[in-house]
Amino acid sequence: MADRNSGPTLRTDARRNVARIRAAAIEVFRVEGLSAPLENVAGTAQVSKATIFNRFGGRIGLIDSVIDEVVATKLKSVIDDARSVAGISERIRFYVGAIRELQYRLPAVNDVLLQAFPASGPLMELCHLGGSFHEELVQDGHAANALAEGVTSDDFQAMAVDNSLALKYGVRPSRAAYERRTGLVLDGICQPAHGRSGSASSW
């Protein structure tokens, strides 16, 4: 039997700890967001907080390690799914509704949109991806007269940030109230059907 302090055993223990910490971080971050206390992750993984720092270098390293499983895949999927929607008006409505739905049920999305951890490269890459898609939506939306006059990509970003702040720090609304407000947001930025140019088949 190998001695507990031997190199191979230590490497096995380290790999086991890394796997447990990652699994715990995915679980905790999905429920509590990326700003959840590391003590909660350590407790779920049944390791010390110091072990997290030893294996991942701290919160940012841990976020970078699990961001795909926690939030990145879902955000990228929303953008990919939105791009598959044929009409720009429907595309905008789908995207805004889908992002607001993720914001409501996945706290980590709000941490991303608030750029809560700018030292995380993968998190900031998600923000850049979202910003680029907002520019694409606005350009296509105005070209098709599907957006209200004056709406900019910065407005898309501001709406997302304002909603994240409200959900993260405010009183959580009921599902019905939240969905009603999503409709109000969309009615505010989208051009009414009678204000659009072109045939109905364009939409």
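How many helices and strands are there in the protein? There are nine helices and zero strands.

**Figure 1. Overall fold of the predicted model.** The pattern along the sequence is α-α-α-α-α-α-α-α-α. Helices (H or I, at least four residues) and strands (E, at least two) are DSSP runs, numbered from the N terminus. Of the 203 residues, 40% are buried, meaning under 20% relative accessible area with a 1.4 Å probe and protein chains only. Contacts are heavy atoms within 4.5 Å. Among contacts with a separation of 6 or more, 68% join residues 24 or more positions apart. The protein exposes about 10,600 Å², with 53% of it supplied by carbon and sulfur atoms; accessible areas come from the Shrake-Rupley method with a 1.4 Å probe. This is a predicted model, in which local features need pLDDT of at least 70 and side-chain atom pairs count only at pLDDT 80 or more, while totals for chains, interfaces and linings use all residues. Residues are numbered from 1 along each chain as its sequence is written, and side-chain values use heavy atoms, leaving out hydrogens and water.

Figure 2. Leaving aside residues up to four places away in sequence, V71 touches L106, A108, V109, V112 and L126.

Figure 3. A cavity is a set of points on a 1 Å grid over the protein atoms alone where a 1.4 Å probe fits but cannot get out; lining residues have an atom within 4 Å of a point. The count is one cavity of 30 Å³ or more. The largest cavity holds about 290 Å³ of space. Its lining has 21 residues, with Y95, I99, L113, H134 and A160 closest to the centre. α7 (121–143) is among the helices that supply at least two lining residues, and α7 gives the most, six. The lining divides into 14 nonpolar, five polar and two charged residues.

**Figure 4. Close-up of the largest pocket.** A pocket is an open set of grid points with protein on both sides within 12 Å along at least five of seven lines. The volume of the largest pocket is about 150 Å³. Its lining includes E32, Q103, R105, D111, K168 and R172. α5, α6 and α8 each supply at least two lining residues. Four lining residues are nonpolar, two polar and five charged.

How values were computed. Points joined across faces, edges and corners; volume = space filled by probe spheres on them. Nonpolar A, V, L, I, M, F, W, Y, C, P; charged D, E, K, R; others polar. Buried < 20%, exposed > 50% of the residue type's maximum accessible area, 1.4 Å probe, protein only.
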